[in-house]
Amino acid sequence: MIDATHQPSRRSWVASANGHADFPIQNLPFGVFSPHGARPRGGVAIGDAILDLEAAIPHLARPAQAVAEAASGTALNPLLAQGAAERRALRAALADLLDAAAPPRPELLHRAADCTLHLPARIGDYTDFFAGIHHANNTGRQFRPDNPLLPNYKYVPVAYHGRASSVVASGAPVRRPNGQRKPAAETVPTFGPSRNLDYELELGIWIGPGNKLGEPIPIAEAGAHVGGFCLLNDWSARDIQGWEYQPLGPFLGKNFCTTISPWIVTPEALAPFRIAQPPRPEGDPAPLAYLWDAADQRGGGLDIDLEVLLLTPGLREQGLVAHRLTRSSARHLYWTVAQMVAHHTGGGCNLQPGDLFGSGTISAPSADGFGSLLEITNGGRQPLALESGETRRFLEDGDEIILRGWCEAPGAARIGFGECRGVVGPAPPV
Ligand code: CA
């Protein structure tokens, strides 16, 4: 649904917002921030500034004031519980408040550089999908060269229940995990720091209103239960994962940390960047009826450009730019977000406002678009050479991974997600 808030010609009295790569007036993502030393509160990113929502309430159009209140606390779960109509009302009011034609109110702003960003919501449950088919193929091929995709993949939006307590906001330190490692040549495992620490490029999906236990969300209604999107790095210890994952799936190889970008980009902001879900390759089965919705197939895909950068101690010391590891797009997902929601709830499981999904690693088909080092270095067998003279099989202590995402389309203003960063620190002593 495109409306006046999307007009590419629209400008703001916040000068830095005009032409801003991530946060022009057409985006208006929500987050939780602390101005220098003060208490956390809800805000909206606009250019290089953050609008304090509580302070803005008296200046907003009346129908939006209650929604703004839901978005002004220390966690945005009450905002995520709102429906699209309420979010749209707030978005329209915020666009009017910040519009170049409105009276400037710089007293409502904080310089983003002076603020700390927090997790935007209390995450009740976190589920990690596996919907990037090129990643599924690439990783499957390492274990089963002749049969990379298991027979369920094209029928089931495969996922596992992850760990919500260790999801952190961009910038939080990432501690290398200890765990059981058993290289193929060894007969028994040892406990110690992961030697094969990796990243995964994923899209994060914030759940909106949700459903009651025992009452599945039909796919045609799934969109109404998505409250927003972010970037997500599913840090993965491949050596721990490889030994522990059968038969019940990932555990310590994944549960030590997941980093997300702190801004919730709304479905409304992404409306101009919806695309048809790419048709399935010839010979693939059609989704079962509960996963099929014609409208979702027509407009349930997402045209989000994605990239991953690596900044090592060597690159930093020599003043070199970060090395681009991955250039991909959310259009490479095999399952739509609506299909994930319909499947997750298909057995009656309840989703709640502030639950988080990871899409699964979004690799592009070509090697410059692989979304993990496991794929880029072929399981560590083909190390990556960096401009600093360093090489990498997997991540070393001091390495920083930076995820970026943005959207561009004809007739629309470019918007972005901001960054999702994390520096790897040493494992705790064993
Ligand atoms: Ca993952």
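Gln277, Gly300, Gly301, Leu302, Ala330, Arg331, Leu333, Trp335, Thr336 and Val337 make up the lining of the largest cavity in this predicted model. That cavity holds about 60 Å³ of space, and its lining residues divide into five nonpolar, four polar and one charged. Searching the whole structure turns up three cavities of 30 Å³ or more.

Now to the overall layout of the chain. The domain assignment gives domain 1, covering 4-118, and domain 2, covering 126-425. Their C-alpha centres lie 28 Å apart. Where the two domains are in contact, 27 residues come from domain 1 and 28 residues from domain 2.

| Pocket | Volume | Lining by class |
|---|---|---|
| Largest pocket | about 1200 Å³ | 19 nonpolar, 13 polar, 12 charged residues |
| Second largest pocket | about 570 Å³ | 14 nonpolar, four polar, eight charged residues |

The largest pocket has a volume of about 1200 Å³. It is lined by 44 residues, and the closest to its centre are Thr139, Phe143, Gln241, Gly242 and Tyr245. Which elements each supply at least two residues of this lining? They are β6 (126-129), α5 (133-143), β7 (159-161) and α6 (238-244). The helix α5 gives the most to the lining of the largest pocket, with six residues.

The second largest pocket is lined by 26 residues. Gly223, Ala224, Pro267, Arg274 and Gly299 lie nearest the centre of this second pocket. At least two lining residues come from each of α4 (84-98), β14 (226-233), α7 (294-299) and α9 (337-345), and α4 has the largest share with four residues. Both domains take part here: domain 1 and domain 2 each supply at least three residues to the lining of the second largest pocket.

One last stop is Phe370, found in the loop between β21 (356-358) and α10 (373-376). Is Phe370 buried or exposed? With a relative accessible area of 14%, Phe370 is buried, because buried means under 20%. Leaving aside neighbours within four places in sequence, Phe370 is in contact with Asn138, Tyr199, Leu325, Thr326, Ser363, Ala364, Pro365, Glu375 and Ile376. For a sense of distance, the C-alpha atoms of Phe370 and Gly179 are separated by 26 Å, and these two residues are 191 residues apart along the chain.

Note on methods
Residues numbered from 1 in each chain as written. Predicted model: local features only at pLDDT ≥ 70, side-chain atom pairs only at ≥ 80, totals over all residues. Heavy atoms only, no water. 1 Å grid on protein atoms, 1.4 Å probe; cavity = no way out; pocket = protein on both sides within 12 Å on 5 of 7 lines; lining within 4 Å. Points joined across faces, edges and corners; volume = space filled by probe spheres on them. Nonpolar A, V, L, I, M, F, W, Y, C, P; charged D, E, K, R; others polar. Domains from an automatic or database assignment. Buried < 20%, exposed > 50% of the residue type's maximum accessible area, 1.4 Å probe, protein only. Contact = heavy atoms within 4.5 Å.
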